[in-house]
Amino acid sequence: MVDMIGKDGNRMLAYTEAVTNITPIEKADRLEAVHINGWVCVCGKGEFQIGDIGVFFEIDSKLPEVPPFTEMPFVVSKQYRIKSQKIRGQYSQGLFLPLSAFDTIDPTPAWVTDLQNRIRLGENVLHEDLTQTLGVTYAVPADNIRKAPTPDKYSLVSTKHPHIILNLLAPKKKRNRTAFPSKPFISKSDEERCENLPPSFLEDKTPYRKTLKIDGTSTLFLLERKHWHRFEFWVCSRNVRVLNDQSKTYQDSNVYWEMAKKYDIENKLRKMLDAHPEWDYVAVQGETAGVGCQGNPHKLPDTRFYVFNFIDSIHGRWDSVKARDFLKNYDILFVPIVEENYILPDDFEEFKLSADGPIELADASGLREGYVYRSSADPYKSFKNVSRKYLLKHNE
C-alpha cells in the first residue's frame, strides 16, 4: 500500500510522480491522457514520455496565485482549484506539470534544481512532498481545519512527547485535553485512494468487505477504563478531541456531541466494557452524515452516525462483518456492507466504473460517493474507490 502522508503527518497534496502510461483521446489532436498510477490527467500531446518525472497536484487542492500557475489560463479560470473534470469525454483528475514548468520562475527554485540533479544521478525522487514548498492547500476552506492537526502548541507537544514537562506546566485547561487519543489500534481516518496504489493491488484475490462510502465528517467515540471503577469518555473529530457540547468546531453545530447523545454512545460503550472486563477501552469510529454535515449531499432527512471501525484494546480493529453483527445488539448503525466477499476485478477501469451509481440508502437520494474496501484477512488493509461521477457533480 502507498501512503500519501508527508513527514509532517499531513496528507500530501503536491508531490513528485512518474508517468506510467500515455493513451490517446479520441478526436483530440492536441491532447492525450497521461497516467500517473491510477490517476489520469489530460495534458498536451508530446508534453510527457513514459517514465518522465513531474509534479502531481491531487484533486481537492488549491494552488497559490503565483507563477507559474498565474500563467496558466485553464488554472485561473477555475480559481486555482484542482478538481475532477471531463475533457473531450476523458476523465481528468488532478494536474500534472513537468519540472520544466517551474524553470520559468526567475531564479529557478532550489527544489527544482535539486530534483533535476538527483534525476540525472539516477536517484529515486518519487513521492517527494512539495505541498508546503509550493504553498498548496485544500480547496475547501473548512478542510484546512478539519484535516489539519490542532494548532494548540501544548496539545501538539504532548501528543509527540506524553511526559514532557511543558505539558505539566501548561495551563490546566490546555493539558493535552484536545489531543486525539494516543492509544494502540487508534488512528485518524484517512483511507488511501485506489489511484495511489500500485497496479498490482488488483492481483490480491482475497475477499474484501465492500462497504458504502458516506460523505460526512469523521467521528470517533472512545470509552477508557480508569482507576477506581471510573471511566473517561472521548468524543473526537477526525483530528482532535471535542471536550463538550459547547466546544466550537468547524461545523455550524457540534454534531459530534449531538451524535453521542442521540445514540447514547457512552452508556452503550460502558455496557460493552462491563461485558468484557479484559478490555481497557472500546471505540467506535465512523462517519456523521446528514443535516448540517458537508452540505448533506445524500439528502438525508436527519443527522446520523454510521460506524466503519469497531476497536477494542486487545483485538484492535474488528472485521467489518463481525463488527456489524456485534453492534446490532447495541442498536448502533454500521455502514452498509454491499458485498461481504467481494473479489477485486483484473481491470482498473472496470473497478473505477463500479463506484458509480445511486446511493444504496433507502431514505437518501442522488449518487453514491463510492465504496471502501477492507480485507477479510486483515481489517487494517483498506482503501477507497471514489466515484468520478460523484466528484464531477459535487465539486463544481
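Biologist: Which residues of helix α9 are buried?
Modeller: This is a predicted model, and in it the buried residues of α9, which spans residues 320–328, are S320, V321, A323, R324, F326 and L327.
Biologist: And what covers those buried residues?
Modeller: The cover includes the helix α8 (265–275) together with the strands β12 (208–213), β15 (281–290), β16 (303–312), β18 (337–342) and β19 (370–375).
Biologist: What does D319 do at the start of α9?
Modeller: There, one of the side-chain oxygens of D319 comes to within 3.1 Å of the backbone nitrogen of V321, and V321 is itself among the buried residues of the helix.
Biologist: Switching to the core, which residues touch the most other members of the largest nonpolar one?
Modeller: That core has 52 residues, and the ones touching the most other members are F221, M272 and F310. There is also a second, separate core of 22 residues, with L63, V112, L115 and V125 among them.
Biologist: What is F221 in contact with, leaving aside neighbours within four places in sequence?
Modeller: Its contacts are F233, W234, V235, Y256, M259, A260, I265, L269, V282, A283, V284 and F305.
Biologist: Now the sheet with β2, β3 and β4: in what order do the strands run, and is the pairing parallel or antiparallel?
Modeller: The order is β2-β3-β4 in an open sheet with antiparallel pairing, where β2 (21–24) and β4 (39–44) are the edge strands, each pairing on one side only. On average, and ignoring direction, neighbouring strands are turned by 30° against each other.
Biologist: How many bridges join β3 to β4?
Modeller: Six bridges link β3, residues 31–36, to β4, and I36 has W39 as its bridge partner in β4.

Note on methods: Residues numbered from 1 in each chain as written. Predicted model: local features only at pLDDT ≥ 70, side-chain atom pairs only at ≥ 80, totals over all residues. Heavy atoms only, no water. Core = buried A, V, L, I, M, F, W, Y, C linked by side-chain atoms within 4.5 Å. Buried < 20%, exposed > 50% of the residue type's maximum accessible area, 1.4 Å probe, protein only. Contact = heavy atoms within 4.5 Å. Helix = DSSP H or I, 4+ residues; strand = E, 2+ residues; numbered from the N terminus. Polar contact = N/O pair within 3.5 Å; in protein donor to acceptor, adjacent residues only side chain to side chain. Pairing = 2+ DSSP bridges. Axes fitted to C-alpha atoms, helices over the stretch in contact; angles between N-to-C directions.
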